[in-house]
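Biologist: I am new to protein models. Could you show me how to read one, feature by feature?

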Amino acid sequence: MNSNFNLDEYIMHHVLNSHEWVLPFISPIPLPGILTTHALMILFACTIILMLFLVFYRKNERVPTGLTNCLEALVVFIRDDIAIPNLGEKDGLQFTPMLCTIFFFILTLNLMGIIPLFSTATSNINVTFSLAFLIFVLLVFGTLLRNGFKGIWHALIPSSLPTWLIPFFLIIEIASICVRSVALMIRLFANMIAGHMVILSFLGLVIILGWIALPAVLLAVFIYCLEVFIALLQAYIFILLSAVFIGQMYHPDH
């Protein structure tokens with residue numbers, strides 16, 4: 001039992017962004033300049049994704065196997081089950097590369113956070129804000145460039161709406177666009193940071209209470225295994241909701 005152990009400080013030290021890369025069993029490595037732990041994780045994630053598709057992906061295989069087959073299956077699933085059903089065939093094919101990029105980016109960051117050598121950049125609200133802001137730009141300015149002021153007006157205001165209701169409905173619809181983007185940001189951030197905080201809380205109990213809290217390790221292992229599923233699920237939910245929201249703005253008639 002360790003009465004001097006500060007559980008709050010222990011959890012925050014492992015969850016929050018910092019200028020030190022904390023590695024197991026060795027002293028933290030200071031990071032130079034403006035580089036932070038989560039920024040480093042983003043660089044690692046981009047490198048991993050580039051390696052997957054430029055080095056390990058075998059484009060010329062007539063019958064894809066192994067990693068190539070797995071990557072192609074995910075891309076085809078995003079195209080046929082997310083992009084095209086929500087955006088239509090033309091827009092779905094155009095948006096598939098973007099949705100695939102976001103999916104693999106979020107998934108890689110999420111999975112990296114499960115490995116003790118790394119930290120979870122998607123538990124940083126600045127990262128999830130940047131991703132959600134991209135979708136917000138597509139919702140507003142994408143619709144404006146695509147359909148003009150008339151198109152965005154039609155996307156916000158139904159044609160059969162009585163005139164006296166238009167100001168109220170306009171306020172609600174503008175707010176809903178902001179809420180959609182905020183929901184994307186908060187959902188990803190909250191789910192990723194919550195899982196890690198629960199795991200660290202269980203492990204911290206062992207340090208505070210000693211051997212009597214050893215069953216908490218089993219709970220931590222269970223949550224850890226669940227985190228693998230959540231990492232995939234949150235990446236899927238983010239691009240699914242993004243495709244739905246963009247489709248609603250680009251094709252209000254449907």
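Predicted model: local features only at pLDDT ≥ 70, side-chain atom pairs only at ≥ 80, totals over all residues.

Biologist: Let's begin with helices. What span does H2 reach from its first C-alpha to its last?

Modeller: Helix H2 covers residues 37–56 and reaches 27 Å, close to the 28 Å expected at 1.5 Å a residue.

Biologist: And which residues of H2 are buried?

Modeller: Start with the general idea: an α-helix has 3.6 residues a turn, so residues three or four places apart point the same way. In H2, the buried residues are Thr37, His38, Leu40, Met41, Ala45, Ile49 and Leu52.

Biologist: Where does H6 bend?

Modeller: At Phe229, by about 25 degrees. Helix H6 has 36 residues, 215–250, and its end-to-end reach of 52 Å is close to the 52 Å expected.

Biologist: Now the inside. Which residues touch the most other members of the largest nonpolar core?

Modeller: They are Leu99, Phe238 and Met249, in a core of 51 residues. H2, H3, H4, H5 and H6 each give two or more residues to this core, and H3 gives the largest share, 16 residues. Leaving out residues up to four places away in sequence, Leu99 touches Ile78, Ala83, Leu87, Ile239 and Ala243.

Terms used: Residues numbered from 1 in each chain as written. Heavy atoms only, no water. Helix = DSSP H or I, 4+ residues; strand = E, 2+ residues; numbered from the N terminus. Expected span 1.5 Å × (residues − 1). Buried < 20%, exposed > 50% of the residue type's maximum accessible area, 1.4 Å probe, protein only. Bend = angle between axes of the 7 residues up to and from the residue. Core = buried A, V, L, I, M, F, W, Y, C linked by side-chain atoms within 4.5 Å. Contact = heavy atoms within 4.5 Å.
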